[in-house]
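This briefing concerns a predicted model.

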Amino acid sequence: MANEKRKNLTPVQQEYHLFEKERETKRPIVRNCARAFLVGGIICTIGQAISYFYMYFFDFTEQTAGNPTVATMVFLSMILTGLGVYDRIAQFAGAGSAVPVTGFGNAVISAAIEHRTEGFVLGVGSNMFKLAGSVILFGTFAAFVIALIKTIAIQWGGL
Amino acid sequence: MLTMFFWAFVVGGLICVIGQILMDVFKLTPAHTLTILVVTGAILDGLGLYEPLIDFAGAGATIPITSFGNSLVHGAMQEAEKHGIVGVLTGMFEVTSVGISAAIVFGFIGALLFRPKG
Amino acid sequence: MAALMVASGCAKEETEQKQSLQGTNLMRSQTSGTAKGTKLDQGPAERAADYLRRREDIRDVVVVNSGDRLLVAYQIPHMQRWNRKKIEKDVEGRLRDMFPGYKVISSSDLKIFWKTQQLKTKMDNKRLDQREVNREIGRIEKLSKEQT
């Protein structure tokens, strides 16, 4: 669409168009990044606090505290998603709320809630991973390939 | 301990900024962005670089989605060390990232508890 | 090796500056070191603590020994945490060489550090006997071996 429009314009107008476009998109990127940094950072700080909580009050080490921390974060994400708060955070934060595991949790959970009217098997079961499926697929497959390469390298290369 | 919070904030925030740049500058969909981050995490762990990042930044490295790739590779490698190449396969089936299983469990519970909003 | 030393040189200033601004020093001031109030012989623990305190890449140290076991918990300055695995390996190796007759358990984990501090304080205050100390050390060792 933009290209067709541009052909009808004079060179000066085209130049202005580019200039305008540059001006328009630049500002939100910086702002979005700042917001993403802030919210993403806060979410990770909360995660750090939770993992210290598990280490302090239960017998978890730095190594083993990761799992319950992630599970707790996803649980919190479920509550916030169910109450409709996470969507509002996401509008503000962009990638800042999408990149942490809470964002992954939100994708799965909101899909599950949304499709419950279609029944638990056909609705929830089959739509849950509509958004998150590609993450799981490529994550698992990449992990498989990398582990395979590394194992072969270790065995034959004697690394 | 406070230093840990500081670096968790900074590193976690920076990973999110990378995600935001992928979305805004390279015009990728969120699904593409997250996929790239997960694969990147897996590659970094394959190169042995993700573990130091976790040591350094704690939750700043374990909370972003990149740690999925890391924990999946880790699980597979643990089995591989015991059983060789066959172990990679069996290891893959044995491990899932907690994030994934937690999302499944809480997703279902969420669907039971909450009603969709209009 | 040289690169490591350069890195530690740069990082040290930074961590020192930061430490003065935050509470980490509060935590370590009274509790780190070895159990001085106990009747049990803490000679090896003293020696291990002395050695570790001299290292640049280690911040806080708590050491407890009992029977043939030597439990060493330490914290790594934050900027050195990138090299955590390397430091852990190095410390473990050095301690093994220093104490050939001992079963060395060493960890840089914060939880293990807290637990060892607790044990040390208990040894100071309650005068635990060797059997109890051994049991505690065993418990901490098991925790330190846990994997995700």
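Between chain C and chain B the count is three salt bridges. One salt bridge joins the side chains of Asp55(B) and Arg84(C), at 3.0 Å from N to O. In this predicted model, four residue pairs, both at pLDDT 80 or more, are in polar contact across the interface of chain C and chain B.

**Interface of chain C and chain B**

- On the side of chain C that touches chain B, the elements giving two or more residues are helix H2 (24-31), helix H4 (84-98) and helix H5 (110-126) of chain C.
- By class, that side of chain C comprises five nonpolar, five polar and four charged residues.
- The contact draws 14 residues from chain C and eleven residues from chain B.
- About 1,200 Å² is buried between chain C and chain B, and carbon and sulfur atoms give 61% of this area.

**Aromatic pairs**

- Over all chains, the whole structure holds 17 aromatic pairs.
- Tyr52(A) and Phe5(B) form an edge-to-face pair, because their ring planes stand at 65°, with the centres 5.5 Å apart.
- This pair crosses between chains, linking helix H2 (residues 11-57) of chain A to helix H1 (residues 2-24) of chain B.
- Tyr52(A) counts as buried, at 9% relative accessibility.
- The rings of Phe141(A) and Phe144(A) have planes at 40° and centres 6.3 Å apart, so this pair is tilted.
- Both Phe141(A) and Phe144(A) belong to helix H8 (residues 133-157) of chain A, where they are three residues apart, about one turn of the helix.
- Phe141(A) is exposed at a relative accessible area of 52%, whereas Phe144(A) is partly exposed at 22%.

**Aromatic cluster**

- One aromatic cluster is formed by Phe53(A), Tyr54(A), Tyr56(A), Phe57(A), Phe58(A), Phe60(A) and Trp114(C).

Terms used:
Residues are numbered from 1 along each chain as its sequence is written. Chains are lettered from A and ligands numbered from 1 in the order in which they are written. This is a predicted model: local features need pLDDT of at least 70, side-chain atom pairs count only at pLDDT 80 or more; totals for chains, interfaces and linings use all residues. Side-chain values use heavy atoms; hydrogens and water are left out. Rings of Phe, Tyr and Trp (its six-membered ring) pair if their centres lie within 6.5 Å; planes under 30 degrees apart count as stacked, over 60 as edge-to-face and the rest as tilted. Helices (H or I, at least four residues) and strands (E, at least two) are DSSP runs, numbered from the N terminus. Buried means under 20% relative accessible area, exposed over 50%, partly exposed in between (1.4 Å probe, protein chains only). Contact means heavy atoms within 4.5 Å. Buried area is the accessible area (1.4 Å probe) that two parts lose on being put together, summed over both. A salt bridge is a side-chain nitrogen of Lys or Arg within 4 Å of a carboxyl oxygen of Asp or Glu. A polar contact is a pair of N or O atoms within 3.5 Å; within protein, one must be able to donate a hydrogen and the other to accept it, and residues adjacent in sequence count only if both atoms are side-chain atoms. Ala, Val, Leu, Ile, Met, Phe, Trp, Tyr, Cys and Pro count as nonpolar, Asp, Glu, Lys and Arg as charged, and the others, Gly among them, as polar.
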